[in-house]
Structure formats: C-alpha cells, structure tokens
Amino acid sequence: MKNKLLIPWAKPDIGIEEFKQIQSSFKSNWLTQGPKVKEFEKKMANFCNSKYGIAVSNGTSALDIAYKTLKIKEGDEVILPALSYFSTASMITYQKAIPVFVDIKQNNFNLDPQKIQQAISKRTKAIAFIDYGGNPSQLNEILNIGKKYNIKVLQDGAQSLGALYKGKPMGANTPISTMSFHMAKILSTVEGGMIFTNNKKLKNEIVMRRSHGEKKPGDYKHNILGYNARMTDLQAGIGLAQLDKLNFFVKKRQEVAKLYDSLFKNCKNIILPETNKNCKNAYFFYPILLKNRDRIAKRLKKIYGIDTRVAYRYPLYKQNLYKSKKARFVKKNCPVAEKISSRILNLPIYPSLKNKEVQYIFNSIYKEMK
Ligand SMILES: Cc1ncc(COP(=O)(O)O)c(C=O)c1O
C-alpha cells in the first residue's frame, strides 16, 4: 500500500533534557544510586501526594518488596483483578501465597468491588488492584472493603500515574503502593519503579529490602533478607527530566483519547470503556473492544503499518503457570474478564501521535470492520 505509515503502539518521549541529565551524572562521576535517586523520590512522592517514595529497579521488584513488607506469606489469599499484567499475580505466587482472581467491571475493566466481597474468605490477607490503562478504579469502595473486613489493600499503580480520583492523584493511595517506569509507561526511567508509603516504619523496612537488608547503604550490616533492587542515578536523572514534562504528557494523551472517542463514538461495532464520574483517565492505554480482533490487528500491522497491543490476551488464571497447576490459585467466576480479553485491542497512544495519524488509524480500522 502507498503512503503506508509506521505507527508504533507506544513511543517514548525522550529528548535533550534526559540526555543532559545523563551527561551531568557522567560528569559528576555518580552513576549508581545517589543524589538524583533521592531527588527523584522526593519529587515523585510530592507529585503523588505521598510522604515517602522509594525508587527501585522496576515495577515487579516494587510489588515483590511491597507484598513482603505487607507480610503476605505462604497460604495467604490475595484478591486481585483477573485482568492485569502478569506480575500483579506472579509476585503473590513468589511469596507462596494464593492469588484469588476476581472479575472486572464491564465499563472500565477494573476490579469489581461487589465481586471482591464475594471472594473474601478466612484466609484473605490483602486486596491488590490496578487502574487499567490509567482508568481509575473505584478507590473509595475498595478502601472501604479493606476497612470493613480488616484486610490490607495495595494499589499496583504501574498504570495509574497522571490519573485523578476526585481530584486526588492516583498511584499512591494505599498504605503501600507501587509504580512502574518501564519504557512504555507514561513516565519512563527506561526500567524502574517506585514504592510509596506515608509510614516511616514501613519506609525504613522497604529501604532495607531494596538493598540486601542494609539500614544504611554501604555499612555492610545486614538486618533482614533483601536483595539488590536499586535504581541508578542515570535512570533517576531520566525520570527527573520526564517528571518536568509529565503534565504535558498526560494532557497530550488525553487529547489523543478525545479525538479517538469522537471518531469511534458512532461505530456501533466498537465498544469503548468509560471513565467514572469525578475521575480523570491518564490513558496509558487506549483500549477498544471489537469482534475479529486478531484478524484486524494482523491486517492493521501488515497492510497499514499500525502496531497495536492486546493487553491482555488471557485472564491471568489462563497463563500457563496457573493453567498447568504449577502454582496455587483460586479462580472466581470471571465472564467479563473472559469476554474483554477475547475482544480487547489497545491502539497507539503517546504524546507525539498526530491528529492525522489518529484519523488514519480510525479509517484503517473502519475499513477493516466492513
Ligand atoms: C499493572 C502492572 N503491574 C506491574 C507491572 C510490572 O512493571 P515492570 O515492567 O516495571 O516490572 C506492570 C508493567 O507493565 C503493570 O502494567
């Protein structure tokens, strides 16, 4: 096809500001965890309205450390949405605990608070929730369930940065919350993550777990079991440059989403998720639901040069680790997660995506739907 565009599904917005940060680290000779990590932690915590931010190597190690600090142990049950990235579940399994997969809501693909209540058992120790694609979950309802049943709640905010819930920033709204700064995320440190808490005691434990159980980095006194989940100053410098642009990134994503919304609005064969009232979606993903998803995704790539993602192709309990019964889990009835994972397609979205490219993506899908 003539004029074939090549549109990736995600595109990092990394420029001269990030490069200058790296240059200054090289000049200072401080490359590993150092002053830039401290500054990044402080600024991120401030942005997310949290007292402490502890930078780590990625969102998965953030979850591992968070579950450990919450004392999730062998045989404990942790309720989580059936549709999420693998590590929300696998890090529960790492603790030898039992993920309990619960259905999601049809309108926003997030954990259904009503279904949480039905899944609570004597073994339930925690609820872990995400904000699918930057679309806020029903935060208050989930926190209230935690209070009512005396169960810990953890926000896996890997996709939440930039979203708002009743005017409050999403991402650090539970006693311990986690975040990812992987390359495709709204804010990237290439690889990286953060753990947030308002509690000094928890913060101290997290700091130790991040670095071999040391209270004071470099004093070689190891108090508890930990490993190396440190972030480098090179990564934190990139994060600092990205943080200066974060509001712009989110605004641009929201503009792209608005244009997609207006184009797809009248397509009766395509279903769009909704953002709850009083919430602002950060649009890490722009998901649509459609029939013949795989055929259309293949043709979008091959004929039109448009890359897409399927997040996620299976509910978590259908991942081989769980299907093969090599790890314990509980699966609740999840018809919504089944349906959504069979139809979901995540379209390209990033700050530099142009209006004419959005129009082109829409036109291409429209043609293929006929
Ligand atoms: C919901 C969720 N949790 C955890 C992670 C893991 O983060 P990382 O890739 O930084 O380890 C991701 C990453 O995509 C995610 O989307």
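Modeller: Residues are sorted by class: Ala, Val, Leu, Ile, Met, Phe, Trp, Tyr, Cys and Pro count as nonpolar, Asp, Glu, Lys and Arg as charged, and the others, Gly among them, as polar. Here the shell around the ligand divides into 3 nonpolar, 10 polar and 1 charged residues. Please note that the model is predicted: local features require pLDDT of at least 70, side-chain atom pairs count only at pLDDT 80 or more, and totals for chains, interfaces and linings use all residues. Numbering starts from 1 along each chain as its sequence is written.

Colleague: Which of the 14 residues around the ligand come nearest?

Modeller: A residue is near a molecule or strand if its C-beta atom, placed from the backbone, lies within 6 Å of it. Of the 14 residues around this ligand, the nearest are Gly 59, Thr 60, Tyr 85, Ala 158 and Ser 180.

Colleague: Which helices each supply at least two residues of that shell?

Modeller: Helices (H or I, at least four residues) and strands (E, at least two) are DSSP runs, numbered from the N terminus. In this model, helix H3 (59–69) and helix H4 (86–94) each supply at least two residues of the shell.

Colleague: At what angle do H3 and helix H7 pack?

Modeller: Axes are lines fitted to C-alpha atoms, for helices over the stretch in contact, and angles run from 0 to 180 degrees between N-to-C directions. H3 and H7 (residues 200–210) pack at about 130°, and their axes are 10 Å apart. H3 is therefore oblique to H7, given that angles under 35 degrees count as roughly parallel, over 145 as roughly antiparallel, 65 to 115 as roughly perpendicular and the rest as oblique.

Colleague: Which residues make the contact?

Modeller: Two residues are in contact if their C-beta atoms, placed from the backbone, lie within 7 Å. H3 contributes Ile 65, Lys 68 and Thr 69, while H7 contributes Leu 202, Glu 205, Ile 206, Arg 209 and Arg 210. By class, this contact has 3 nonpolar, 1 polar and 4 charged residues.

Colleague: Into which domains is the protein divided?

Modeller: Domain bounds come from an automatic or database domain assignment. That assignment gives domain 1 (16–241) and domain 2 (246–369). Their centres, taken over C-alpha atoms, are separated by 24 Å. In domain 1, 36 residues are in contact with 34 residues of domain 2. Strand E3 (98–102) gives the most to the side of domain 1 that touches domain 2, with 5 residues. That side has 19 nonpolar, 11 polar and 6 charged residues.
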